[in-house]
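Here are my notes for your first read of this model. Keep the sequence and the 3D view open, and take the points in order.

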Amino acid sequence: CTQPPSHTNDPHRISMPASVRQLLKEYMSQENFEAQFQLLFTLAHLPGVFLPFFTGSIVDRIGARLCLLILTLLCFIGQVTSSIGVQKESWPITLTGRFI
């Protein structure tokens, strides 16, 4: 039994560019698509390079619970911003959301 590919509820889609490439290519503007698409995933992973150096001291200063709340809120804001950017077909908004 084969099932059609699902475009929702797949946690690996955030870090697997190929899984969303065709969907975004059909929906977003085609001007500089490849460069914008690659930047989309570069910006999503960039904070993960620098945050580990700072989060330890931040957790020590403000506590684990508050730090978790702040980082979760930032993830939520970033996802909402990114979703709005895709809905409006705006690369700058989508890229900003992915960076947050």
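1. Contacts along the chain. Start with the contacts in the protein chain that have a separation of 6 or more: residues 24 or more positions apart account for 50% of them. Contact here means heavy atoms within 4.5 Å.

2. What you are looking at. This is a predicted model, in which local features need pLDDT of at least 70, side-chain atom pairs count only at pLDDT 80 or more, and totals for chains, interfaces and linings use all residues. Residues are numbered from 1 along each chain as its sequence is written, and side-chain values use heavy atoms, with hydrogens and water left out.

3. Overall layout. The protein chain has five helices and zero strands. Its pattern along the sequence is α-α-α-α-α. Helices (H or I, at least four residues) and strands (E, at least two) are DSSP runs, numbered from the N terminus.

4. Surface and burial. Of the 100 residues in the protein chain, 22% are buried. Buried means under 20% relative accessible area, exposed means over 50%, and partly exposed lies in between (1.4 Å probe, protein chains only). The chain exposes about 7500 Å², and carbon and sulfur atoms supply 66% of that area. Accessible areas come from the Shrake-Rupley method with a 1.4 Å probe; for residues, only the protein chains shown count as cover.

5. Aromatic pairs. How many aromatic pairs does the structure hold? There are three aromatic pairs. Phe-33 and Phe-37 form a stacked one, at 5.6 Å centre to centre with 20° between the planes. Rings of Phe, Tyr and Trp (its six-membered ring) pair if their centres lie within 6.5 Å; planes under 30 degrees apart count as stacked, over 60 as edge-to-face and the rest as tilted. Phe-33 and Phe-37 are four residues apart in helix α2 (residues 33-45), so about one helical turn separates them. Phe-33 is buried at 3% relative accessibility. Phe-37 is also buried, with a relative accessible area of 2%.

6. Phe-33 and Trp-91 are edge-to-face because their planes stand at 65°, with the ring centres 5.8 Å apart.

7. The cluster and a charge. Which residues form one aromatic cluster? They are Phe-33, Phe-37, Phe-41 and Trp-91. Look next at Arg-98: its charged end sits over the ring of Phe-41, 5.0 Å from the ring centre. A charge sits over a ring if NZ of Lys or CZ of Arg is within 6 Å of the ring centre and within 35 degrees of the ring normal.

8. Thr-94. Find Thr-94 in helix α5. Is Thr-94 buried or exposed? Thr-94 is buried, with a relative accessible area of 2%. Leaving aside neighbours within four places in sequence, Thr-94 is in contact with Met-28, Leu-40, Ser-82, Gly-85 and Val-86. A polar atom of the Thr-94 side chain lies 2.8 Å from the backbone oxygen of Ser-90. The C-alpha atoms of Thr-94 and Gly-78 are 9.0 Å apart, and these residues are 16 apart along the chain.

9. Helix α4. Ser-82 is in helix α4 and is buried at 9% relative accessibility. Not counting residues up to four places away in sequence, Ser-82 touches Ile-93, Thr-94, Gly-97 and Arg-98. Phe-76 also belongs to helix α4, but Phe-76 is exposed at 55% relative accessibility. The C-alpha atoms of Phe-76 and Gly-97 are separated by 9.5 Å, with the residues 21 apart along the chain.

10. Cysteines. The structure holds zero disulfides. A disulfide is a pair of cysteine sulfur atoms within 2.5 Å. Cys-67 is buried, at 6% relative accessible area, whereas Cys-75 is exposed, at 55%.

11. A backbone point to check. Glu-89 has a positive phi of about 55°, although it is not a glycine. Most residues other than glycine have a negative phi. Glu-89 is in the loop between α4 (64-87) and α5 (91-99). Glu-89 is partly exposed, with a relative accessible area of 42%.

Notes. Polar contact = N/O pair within 3.5 Å; in protein donor to acceptor, adjacent residues only side chain to side chain.
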